[in-house]
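Let's take a look around this protein together. Have the sequence and the 3D view at hand as you read.

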Amino acid sequence: CESVRNISHNIMPEALNKYGINEAVNDLVLRSIYPGFDIYFSCFGMKERLNPEIELNLYRILEEVLSNIVRHANATEAFIQLTKTDNEIWLTIEDNGIGFLSDVSNSNGDGIKNIQARTAILNGNCTIESAKEKGTFIFIKIPV
């Protein structure tokens, strides 16, 4: 029973399904915190639920990014901002970690490819900037 519950949670997180992206990200942030690492999340302009495909892909992007920050960045802080304007959604994620590359376009990592693929599914644009010892900045813009 526990395995089936975990599989179904991985397919569609309960908080996302019930409450939407804002609450789901809050829940994800709480599950990603550990001693010595702080995550700050702010959300602007989200007065109503988004298209379920957009919510799920944004959530999965954030899961990937936070997982990579926790596992690889040695960061002490991460900042997440989700903003909805009249015709776009902006997702920014920034950390103060060790960074990883000067040119992410040459990365062979599946994580970056997954982020870019999920952004492309939503007809969005993804910019990733990272440099050794200077952290990482990710900006995703999705039309709505």
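## Ile69 and its contacts

Start with Ile69: beyond its neighbours within four places in sequence, Ile69 is in contact with Phe37, Asn74, Ala75, Ala78, Ile93 and Asp95. Keep in mind that this is a predicted model.

As a general point, nonpolar side chains tend to be buried together in soluble globular proteins.

## Around Tyr34

Now hop over to Tyr34, in the loop between α3 and β1. Tyr34 counts as partly exposed because its relative accessibility is 31%, which falls between the 20% and 50% cut-offs. Setting aside residues up to four places away in sequence, Tyr34 touches Val70 and Ala75. Thr76 is 42 residues from Tyr34 along the chain, with 9.7 Å between their C-alpha atoms.

## Two asparagines with positive phi

Asn74 sits in the loop between α4 and β2. Its phi is near 50°, a positive value in a residue other than glycine. With 59% relative accessibility, Asn74 counts as exposed.

Asn123 is found in the loop between α5 and β4 (125–130). Phi of Asn123 is near 60°, again positive in a residue other than glycine. Asn123 counts as exposed too, at 63% relative accessibility.

How values were computed:
Residues numbered from 1 in each chain as written. Predicted model: local features only at pLDDT ≥ 70, side-chain atom pairs only at ≥ 80, totals over all residues. Heavy atoms only, no water. Contact = heavy atoms within 4.5 Å. Helix = DSSP H or I, 4+ residues; strand = E, 2+ residues; numbered from the N terminus. Buried < 20%, exposed > 50% of the residue type's maximum accessible area, 1.4 Å probe, protein only.
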